[in-house]
Amino acid sequence: HRHHRGALMHILIGLLGRLITAFFFVQRMQRRAEIAKDIFDIAKDVPGDVRAAARRWGFKRRTDVHPVETIEDPRLALGGLGAAFIELDDLPTSETRGRLDIALRKHLNQTAEEAQEISVLGAWFVRTCGGPEAALSRLARKLYRMDQCASFPTLMAIIEDASRGELSRRQTEALGDIKRAFRLS
């Protein structure tokens with residue numbers, strides 16, 4: 001009788017251990033799915049062109065982190081900085097946007113389609129930051145953390161080409177903010 005009860009306890013403890021392990025495994029999987037959820041496949045508020053560009057560039061947004069913080073490719077941060085910079089000029093014209101695409105293509109060595117996708121994602125990053133000033137600050141800090149000052153000359157070349165050197169007051173002030181983010185002044 002005592003031997004039978006001991007065996008039964010071993011079986012119950014084994015089952016309980018397996019249930020606890022399964023519970024934690026399921027919890028962990030659910031949490032992982034939550035964190036790594038690809039919002040571009042489910043979010044109705046993200047335009048199709050942004051979703052397509054994001055897939056092409058392998059960009060996935062985690063639900064627990066701001067989109068800028070999940071950027072892993074400096075070219076995407078440069079696209080966002082370029083988009084933010086031209087948006088500081090109140091209403092950038094389609095000509096200005098076209099110059100940005102050309103600058104991205106030239107200075108990042110991309111095809112026209114790739115440059116357009118970087119530009120589309122860049123404009124989306126600006127919107128997720130709540131405007132060009134906040135985007136410039138956040139994207140410049142992110143780019144600095146990714147590669148210190150390695151991308152700074154490329155950024156300046158993109159800005160120069162996109163703006164043709166004709167800067168608004170806000171853009172001139174933003175250059176100072178960018179230099180501070182890169183710890184150059």
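Predicted model: local features only at pLDDT ≥ 70, side-chain atom pairs only at ≥ 80, totals over all residues.

Colleague: How far apart are the end C-alpha atoms of helix H4, and what span should its residues give?
Modeller: Helix H4 runs over residues 74–87, which makes 14 residues.

Colleague: How many residues of H4 are buried, and which helices do they pack against?
Modeller: H4 is mostly covered, with 11 of its 14 residues buried. Among them are Leu76, Leu81, Phe85 and Ile86. Their packing partners are H5, H6, H7, H8 and H9.

Colleague: Which side chain makes a polar contact with Asp101?
Modeller: Asp101 sits in helix H5, residues 94–107. It is buried but has no salt bridge, and the nearest side chain of opposite charge, Arg97, is 8.2 Å away. Beyond its neighbours within four places in sequence, Asp101 touches Ala115, Gln116 and Ser119. The polar contact, at 2.9 Å, is with the side chain of Ser119.

Colleague: Is Cys129 buried or exposed?
Modeller: Buried means under 20% relative accessible area. Cys129 has 15% relative accessibility, so Cys129 counts as buried.

Colleague: And what about Cys149, and how many disulfides are there?
Modeller: Cys149 has 31% relative accessibility, so Cys149 counts as partly exposed. A disulfide needs two cysteine sulfur atoms within 2.5 Å. By that rule, the number of disulfides is zero.

Key: Residues numbered from 1 in each chain as written. Heavy atoms only, no water. Buried < 20%, exposed > 50% of the residue type's maximum accessible area, 1.4 Å probe, protein only. Helix = DSSP H or I, 4+ residues; strand = E, 2+ residues; numbered from the N terminus. Lys, Arg positive; Asp, Glu negative; His and termini not counted. Salt bridge = Lys/Arg side-chain N within 4 Å of Asp/Glu carboxyl O. Polar contact = N/O pair within 3.5 Å; in protein donor to acceptor, adjacent residues only side chain to side chain. Contact = heavy atoms within 4.5 Å. Expected span 1.5 Å × (residues − 1).
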